[in-house]
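Me: I'm new to this one and would like a slow walk through it. Could you show me the model before we start?

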Amino acid sequence: MIINYLKNHNGEQIFVAECDMQKFYDTVNHKVAIKQFNRLCLKKYFKEKCDKIAKRIFIKYLQCYNFFNNVYSLDQEYFNKYKIQNGQFKWIEKNELRKYYKKDKYLNQVGVPQGGALSGLIANIVLDYADRKILKLKDKDLLYVRYCDDMIMMHTNKEKCEAALKKYKKSLIDLKLFPHPIKNIEYGKKFWEEKSKAPYEWNDNSVPWIGFVGYEINRKGEIRVRKRSLKKEINKQNELIEEIISAISNNNLKVTKGTVKESAYNRLNGMAVGRVELWNYLKYENDMCWVKGFQLLNKNKYSSIQLKLLDKTKNNNLLKLFKFLDKIDDSHIEKRENTKDNDREFIFYGKPFSYFYQALKKNNTGEDHAAKNPANPKQYSRVSHFHQAGR
């Protein structure tokens, strides 16, 4: 939608506003959610009646959880379990809470479990109220995009963008939600830290990149990964290898080195690009992996650098693990007969299992030169060769 908006307003001024909410899932008011559910069940929205069983399930789902009892009341023992000293759950400032709730008893009727089967549906049912308020403006030059509690809007007129943002904020207040304070922010580190921003001009000079969900985009329509999303994926790679090294430290090796290498390699690849195999990588639809979450990336110098960095970090992590394994004695591991674990050459091929290839090249190039004989591993580009100790 943003790309299409750029094309339709090429060469025009574009003003952008953003709004996010504080502790959204934790502050959803149960009564408000039920009221919005009942409103959607009216015949003017749907021709068919809402199923009574569906309504009962919806209400019971809300009633089975509240933020105060299930989360806020957890004591230090909970944080000790996860080795977090002086842990606490962040919450809304008291003066903000008092705008809606005079007593803390309200906590018994707020909150939706994050990641639950109906949580996303409840979020959209509640925020449908805000959507309709903005859509009633019927302004062809206004772009309004919302993903859960994350919202961005664009307009060619700054005053009209400000008016739409004001209406959106008012709708959130009607829903007893807590938008982050809307501020005028100059481009820089602070710009990326703030959750809600007053309208600013999006151009190559003052604000070259804007962010929405896990992406960043410039006026040319070039899309790259948001920096914190990139950092998060690199941290996941590092944590996985550290976890494996920690598990096998102090001669705790319980399987052969070859098994450890293969397991680490497969887990990193699965996390990155899914269940890709040498025979299916050309037609494989990436699923349940990082690449699946970033299908809107387009090929440009920024995204290419980021994806190649992810591949490099993955390879360096494997090298780190393999060097660690070289120092470990696995003579106590019982080897199965007729296996070559002890002198196994561990070779992995870059392209089929690469962030860069799976996210960009596969869908941005013509016929792959390896497609003629995908079963022949000699046609794949080899990134690195790691060898078992003793080879």
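Me: What should I know about where Met288 sits in the chain?
Reply: Met288 is placed in the loop between α12 (257–273) and α13 (301–326). Please keep in mind throughout that this is a predicted model.

Me: Is Met288 buried or exposed?
Reply: Met288 is exposed, because its relative accessible area is 75%, and exposed means over 50%.

Me: What is phi like at Met288?
Reply: Phi of Met288 is near 55°, which is a positive value in a residue other than glycine. Val213 also has a positive phi, of about 45°, although it is not a glycine.

Me: Where is Val213, then?
Reply: Val213 is in the loop between β5 (209–212) and β6 (215–218). With 28% relative accessibility, Val213 counts as partly exposed.

Me: Zooming out, how many helices and strands does the chain have?
Reply: The secondary structure of the chain comes to 14 helices and nine strands. The chain has 391 residues, and buried residues make up 46% of them.

Me: And how much of the contact in the chain, at a separation of 6 or more, is between residues 24 or more positions apart?
Reply: Of the contacts in the chain with a separation of 6 or more, residues 24 or more positions apart account for 72%.

Me: Let's pick a helix. What is the span of α8?
Reply: Helix α8 covers residues 119–135, and its 17 residues should span 24 Å at 1.5 Å a residue; the end C-alpha atoms are 24 Å apart, so the two values agree.

Me: Is Leu127 buried or exposed?
Reply: Leu127 is buried, and the buried residues of α8 also include Ile122, Ile125, Val126, Tyr129 and Ile134. Two aspartates of α8, Asp128 and Asp131, are buried as well.

Me: What covers the buried residues of α8?
Reply: The cover includes the helices α2 (24–27), α3 (30–40), α4 (52–63) and α9 (158–174), together with the strands β2 (143–147) and β3 (150–155).

Me: How do α4 and α8 cross?
Reply: The axes of α4 and α8 come within 12 Å and cross at roughly 105°. The two helices are therefore roughly perpendicular to each other, since angles of 65 to 115 degrees count that way. Phe58, Tyr61 and Leu62 of α4 make the contact with Ser119, Ile122 and Ile125 of α8. These residues divide into five nonpolar, one polar and no charged.

Me: Changing topic, what about α12: which residues are buried there?
Reply: Among the buried residues of α12 are Lys257, Val260, Lys261, Ala264, Tyr265 and Leu268. The 17 residues of α12 should span 24 Å at 1.5 Å a residue, and the end C-alpha atoms are 24 Å apart, which agrees. Just after α12, Gly274 takes a positive phi of about 95°.

Me: Where is Trp91, and what does Trp91 touch?
Reply: Trp91 lies in the loop between α6 (76–81) and α7 (94–97), and at 18% relative accessibility Trp91 counts as buried. Leaving aside residues up to four places away in sequence, Trp91 touches Lys23, Asp26, Thr27, Phe67, Tyr72, Leu97, Tyr106 and Leu107. Trp91 and Asp26 are 65 residues apart along the chain, and their C-alpha atoms are separated by 8.8 Å.

Me: And Lys220, buried or exposed?
Reply: Lys220 is exposed, with a relative accessible area of 66%, and lies in the loop between β6 and β7 (223–225). From C-alpha to C-alpha, Lys220 and Leu6 are 8.1 Å apart in space, while in sequence they are 214 residues apart.

Me: Last one: which helix holds Ser229?
Reply: Ser229 lies in helix α11 (residues 227–248), and Ser229 counts as buried because its relative accessibility is 17%, where buried means under 20%. Not counting residues up to four places away in sequence, Ser229 touches Gly214, Trp290 and Phe294.

Terms used. Residues numbered from 1 in each chain as written. Predicted model: local features only at pLDDT ≥ 70, side-chain atom pairs only at ≥ 80, totals over all residues. Heavy atoms only, no water. Helix = DSSP H or I, 4+ residues; strand = E, 2+ residues; numbered from the N terminus. Expected span 1.5 Å × (residues − 1). Buried < 20%, exposed > 50% of the residue type's maximum accessible area, 1.4 Å probe, protein only. Contact = heavy atoms within 4.5 Å. Axes fitted to C-alpha atoms, helices over the stretch in contact; angles between N-to-C directions. Parallel < 35°, antiparallel > 145°, perpendicular 65-115°, else oblique. Nonpolar A, V, L, I, M, F, W, Y, C, P; charged D, E, K, R; others polar.
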